[in-house]
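Thanks, everyone, for making the time this morning.

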Amino acid sequence: MTDPRREMLNEAVARNCAVVISLPSAGILRHYKSRFIGETPIGIWVEAEPAEHALIGELLTTQSNVGVSFKRGPEKVTFLSPLLEYDARHSINDQTTIAALLIARPAEIKTLQRRNNYRVKVFKDNVLQGKIWRVAPRAHITDRPMPSQQVTIDVRDLSLGGMGVAIRGNNGEPPKISTEDRLRIELQHGQITLLLEGRMRQPSGPQPPGEISTGIRFNEMAGDFEGRQKLSQLTRIISEMQRQEVRRVQGCVG
């Protein structure tokens, strides 16, 4: 059975995601921003901070663990693992070299749920349309998927980190979807059409026949310019829905 935490890590490495590296030093941790830059059968390459070369040398000698953490939607993924190698001129391509650390593949990976995002309920007059498709791991999110890949959903609530949904199968059959599926998500509200990527959360409790009531977590969006644009658009959608929710409570919605 596939470990979803290791799938998160593998996907983050493949996407060269931003990470925070924590180096122990004299009883404290020194944190610095980094990113995944590659992998080997025994370890994962991350960008190193050249100014920390002396501390890195000590950690290599003592085989001390270093901490690695990165965000994935509303979750924070963390692990501890020893350093295996320091390469001051690690080749990224034919023209570029950087300082890099090879960190052993972790024995254990932990996730921490971050649910600080306000969730706005979705009503019919919110005019929010949501669609999802199961897509291949290496497919580009903007590629048009096959109709057979679409999964029918009703969106129940929305936040910056994800959305609550009811996923329905065809003709009373269970929906063809799992927590391991990579999802292409399309949200449309007014003039805004937003393409996101995410995964279904593990459903909990009894489920109605032919339906799954669960959540979909969005992948991290703030790592680059395109991600920040998407986060801004999603914030606009939620803000407008919040205003509608306030008007509803105040009895101003007809």
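Predicted model: local features only at pLDDT ≥ 70, side-chain atom pairs only at ≥ 80, totals over all residues.

Residues are numbered from 1 along each chain as its sequence is written, and side-chain values use heavy atoms, with hydrogens and water left out.

Most residues other than glycine have a negative phi. Asn 16, however, has a positive phi, near 55°, and it sits in the loop between α1 (4-14) and β1 (18-25), where helices (H or I, at least four residues) and strands (E, at least two) are DSSP runs numbered from the N terminus. Gln 63 also has a positive phi, of about 55°, without being a glycine, and its place is the loop between α2 (53-62) and β4 (65-72).

How accessible is Gln 63? Its relative accessibility is 63%, which counts as exposed, whereas Asn 16, at 39%, is partly exposed; the cut-offs are under 20% relative accessible area for buried, over 50% for exposed, and partly exposed in between, with a 1.4 Å probe and protein chains only.

Now to the packing. A nonpolar core here is a set of buried Ala, Val, Leu, Ile, Met, Phe, Trp, Tyr and Cys residues joined through side-chain atoms within 4.5 Å. The largest has 27 residues, of which Ile 132, Leu 158, Met 163, Ile 185, Leu 187 and Phe 218 touch the most other members. Elements that each supply at least two residues of this core include β9 (128-135), β12 (182-189) and α3 (225-249). A second, separate core of 25 residues includes Met 8, Val 13, Ile 21 and Phe 36.
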